[in-house]
Amino acid sequence: MRVERLRSALEWLARTEPLRSAEPILTNVMTTVAQGTVAGRNDEGCDWYVVSDVPPPGRSATVLGAALRTMPWNLLCSPMPAEAAVALAAALDGVPSGVSGQPDVVSALVEALVGGGRAVEARTVMRDVVRVLGTFTEPTPVRGAPRRASPADLEALVDWHLAFAADAGLPWRDPRESVLGRLAGAGLWWWELDGVAVSLAGHAPLVPGRDRPLARLGPVYTPGEHRRQGYGSAVTAAVVRQLVAREATVMLYADADNPTSNHIYARLGFAAVGEAIDVELRSIR
């Protein structure tokens, strides 16, 4: 195995294109992160990794796995063989604050870090179900109507994103740059009742595909006082209609420990196709 640390997101996107095309769903987050960096997002620091085989003379190397880390976020890993994850672990500079990806990849990498003599404490902090829309089923109609968010909504959107992160138990991060990016791409929608926002849904920038673009839905958030009224399903359906009209394949990540949201997504037509986990790492001194 050969692990390379590349110089830029642009080079990483070019080198990993065959891998990402073969696994568009499970590499979608990585792709949108890299594309955001290329577009000028201000990251504190970036690492771009490619794991490939060592071919015999006269043959080109095959990319078996990829990873990236934009500070202060987790190391994101693509699907890859266990031996590729082990090689990646050995090539890392220090211990990342966390690792995200498919359970088998993350487990192999974390075990390799511990087995490599690094004093590391690992804790799984999130388990997600990866879902892809099949046949869309309209939800039961509710009062209210969708409205596309505008730049005038910026401060409210930042507050709602922070509330979503706190409610989901996610690490606190400043969402302003992400919100601005989604506003520019018409990627955030309110559900309003009598002019008052009662739910929010959005999507990440679309990723071009060989046949159809791929859109990742999220966040979807309804404040506690407005839940169990169907508003979350309604605003999700409104965003899905926009994406289906653009002939996009629609995917999302749902908290595996939240049966309510998973039931809603399944009822709308989102089928489970995989899993992902977030593992927090801490060096023990």
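Predicted model: local features only at pLDDT ≥ 70, side-chain atom pairs only at ≥ 80, totals over all residues.
Let me begin with a helix pair: Ala82, Ala85, Val86, Leu88 and Ala89 in H4 meet Val105, Ala108, Leu109, Ala112 and Leu113 in H5, where contact means heavy atoms within 4.5 Å. Residues are numbered from 1 along each chain as its sequence is written, and side-chain values use heavy atoms, with hydrogens and water left out.

The contact of H4 with H5 divides into ten nonpolar, no polar and no charged residues; here Ala, Val, Leu, Ile, Met, Phe, Trp, Tyr, Cys and Pro count as nonpolar, Asp, Glu, Lys and Arg as charged, and the others, Gly among them, as polar. Helices (H or I, at least four residues) and strands (E, at least two) are DSSP runs, numbered from the N terminus. H4 covers residues 82-91 and H5 residues 103-115, and the two pack at an angle of about 45° with their axes 8 Å apart, the axes being lines fitted to C-alpha atoms, for helices over the stretch in contact, and the angles running from 0 to 180 degrees between N-to-C directions. That makes H4 oblique to H5, since angles under 35 degrees count as roughly parallel, over 145 as roughly antiparallel, 65 to 115 as roughly perpendicular and the rest as oblique.

How do H6 and H7 pack? Helix H6 (residues 154-168) and helix H7 (residues 176-184) lie at an angle of about 125°, with their axes 10 Å apart, and they are therefore oblique to each other. On the H6 side the contact is made by Leu154, Glu155, Leu157, Val158 and His161, and on the H7 side by Arg176, Val179, Leu180 and Leu183. By class, that contact has six nonpolar, one polar and two charged residues.

I turn now to the backbone, bearing in mind that most residues other than glycine have a negative phi, and most peptide bonds are trans. Met71 and Pro72 are joined by a cis peptide bond, with omega about 5°, and Pro72 sits in the loop between strand E3 (63-70) and strand E4 (75-77). Another cis peptide bond joins Gly218 and Pro219, with omega about 0°, and Pro219 has its place in strand E10 (residues 214-221).
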